[in-house]
Amino acid sequence: DNITKITPNGAHHRIEIDLAMANGQTISEVGLFAKNPEGQPNDSPLMMAYKTFTPITKESDFSFVFDWTIYL
């Protein structure tokens, strides 16, 4: 539901940490993982994007929304 194909070679991904998630946790990085394209049963996911930022303590009065556009 959070993936939108925008071009034949690209997609938009949205990750939300909502009001009920990760409260009291300090968040300073986020990563986007994808299924390994080789498709082997025991393949590990691949990190497709990674972002660090100034640490923020997550509270229940706000959510985080991370948007990525990935082109291959």
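**The aromatic rings and their surroundings**

Modeller: Asn42 lies in the loop that runs between strand 3 and strand 4 (strands are DSSP runs of E, at least two residues long, numbered from the N terminus). With a relative accessible area of 74%, Asn42 is exposed, since the term applies over 50%, whereas buried means under 20% and partly exposed covers the range in between, for a 1.4 Å probe and protein chains only. From Asn42 to Asp67 the separation along the chain is 25 residues, and their C-alpha atoms are 28 Å apart.

The model is predicted, so local features are described at pLDDT of at least 70 and side-chain atom pairs at pLDDT 80 or more, while totals for chains, interfaces and linings use all residues. Residues are numbered from 1 along each chain as its sequence is written, and side-chain values use heavy atoms, with hydrogens and water left out. The mean pLDDT of the chain (the predictor's confidence in each residue, from 0 to 100) is 87, and 97% of the residues score at least 70. Among the elements, the lowest mean, 75, belongs to strand 1, residues 3-7, and the highest, 92, to strand 4, residues 46-57.

That brings us to the rings themselves. The whole structure contains 4 aromatic pairs (rings of Phe, Tyr and Trp, the last by its six-membered ring, with centres within 6.5 Å; planes under 30 degrees apart are stacked, over 60 edge-to-face, the rest tilted). One of them joins Phe53 and Phe64, with 6.3 Å between the centres and 55° between the planes, a tilted arrangement. This pair connects distant parts of the chain, as Phe53 belongs to strand 4 and Phe64 to strand 5 (residues 64-71), 11 residues away. The two partners fall into separate accessibility classes: Phe53 is partly exposed because its relative accessibility is 22%, and Phe64 counts as buried because its value is 11%.

Phe64 also takes part in a second pair, with Phe66; the centres are 5.7 Å apart and the planes make an angle of 35°, so that this pair too is tilted. Phe66 is buried, its relative accessible area being 13%. Phe53, Phe62, Phe64 and Phe66 together make up one aromatic cluster. A charged group accompanies the ring of Phe62: Lys58 lies over its face, 5.3 Å from the ring centre (a charge sits over a ring if NZ of Lys or CZ of Arg is within 6 Å of the centre and within 35 degrees of the ring normal).

Phe33 is part of strand 3. Its relative accessible area is 51%, and Phe33 is therefore exposed. Tyr50 is a further aromatic residue, located in strand 4. Tyr50 counts as partly exposed because its relative accessibility is 45%. The C-alpha of Tyr50 is 7.3 Å from that of Glu29, although 21 residues separate the two in sequence.

Finally, the loop between strand 2 and strand 3 holds two residues for comparison. Leu19 is found in this loop, and a relative accessibility of 47% makes Leu19 partly exposed. Leu19 and Ala49 are 30 residues apart along the chain, and 24 Å separates their C-alpha atoms. Ala22 is found in the loop as well, between strand 2 (10-17) and strand 3 (26-34). With a relative accessibility of 32%, Ala22 is likewise partly exposed. The backbone of Ala22 deserves a check by eye: its phi is positive, about 60°, although the residue is not a glycine. Most residues other than glycine have a negative phi.

Notes:
Helices (H or I, at least four residues) and strands (E, at least two) are DSSP runs, numbered from the N terminus.
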